Amino acid sequence: MDTLLSLSLKWIHLIATVAWIGGMFTSFLIYTPAIGKTLDSPVAGKLMAAVLKRFRLMVYISMAVFLITGILLGSLYLNSGVSVSGRTEMIGILVIKVPLYVLTVILAIVSFEMLGPRVARIAAEGPGPKLRRAQRSQKVLAVAGFLLGLIILAISMLL
């Protein structure tokens with residue numbers, strides 16, 4: 001039973017990670033550039049606000065599932081009679097993974113709850129240097145979150 005439970009939790013953990021990282025990848029490399037090149041700023045801002053509203057929910061759910069399954073997997077692993085060196089290795093990996101996860105959550109909250117609405121308000125005013133700066137900030141956060149997500153995915157594969 002523990003093996004089936006462990007495999008199921010690992011699968012759900014990785015699916016949550018892939019949904020989260022895949023969503024960032026798609027948004028950053030496909031939607032945002034395509035929308036920016038084909039639509040005027042006010043319309044692009046409205047569309048991105050609508051897309052990000054839905055995407056935000058998926059990201060938050062994925063992050064929560066990732067956290068819950070990670071805690072359950074860690075508990076199963078530590079209670080499985082693993083050797084001291086195995087425990088030490090897992091703790092070492094978690095010392096890296098947990099702060100990266102927390103930082104990524106903070107970036108997502110800042111991006112969705114603070115920067116996203118700000119960019120939408122500025123975009124409604126029309127194009128200009130203020131909009132370009134806000135969009136650049138949004139892009140930097142997206143790249144940082146995406147890279148952190150890839151690192152977290154790689155670390156998840158180690159466990």
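Modeller: Happy to! Keep in mind that this is a predicted model. Let's begin on the surface, where F25, L29, I30 and Y31 form a nonpolar patch. Together these four residues have about 380 Å² of accessible area.

Colleague: Is Y31 buried, exposed or partly exposed?

Modeller: Exposed means over 50% relative accessible area and buried means under 20%. Y31 has 42% relative accessibility, so this residue counts as partly exposed. You will find Y31 in helix α1.

Colleague: And what should I expect inside?

Modeller: In soluble globular proteins, nonpolar side chains tend to be buried together. Here the largest nonpolar core has 30 residues, and W20, V59, M63 and Y101 touch the most other members. Each of α1, α2, α3 and α4 supplies at least two residues of this core, with the largest share, 11 residues, coming from α3.

Colleague: Which residues is M63 in contact with, leaving aside its neighbours within four places in sequence?

Modeller: Those contacts are W20, Y101, T104, V105 and A108.

Colleague: Which residues of α2 are buried, and what covers them?

Modeller: Among the buried residues of α2 are A44, G45, M48, L52, F55, V59 and M63. Their cover includes α1 (2–38), α3 (84–125) and α4 (129–158).

Note on methods. Residues numbered from 1 in each chain as written. Predicted model: local features only at pLDDT ≥ 70, side-chain atom pairs only at ≥ 80, totals over all residues. Heavy atoms only, no water. Buried < 20%, exposed > 50% of the residue type's maximum accessible area, 1.4 Å probe, protein only. Helix = DSSP H or I, 4+ residues; strand = E, 2+ residues; numbered from the N terminus. Contact = heavy atoms within 4.5 Å. Patch = residues over 30% accessible without salt bridge, like charges linked within 9 Å, V, L, I, M, F, W, Y side chains within 5 Å. Areas by Shrake-Rupley, 256 points an atom, 1.4 Å probe, with all protein chains shown as cover. Salt bridge = Lys/Arg side-chain N within 4 Å of Asp/Glu carboxyl O. Core = buried A, V, L, I, M, F, W, Y, C linked by side-chain atoms within 4.5 Å.
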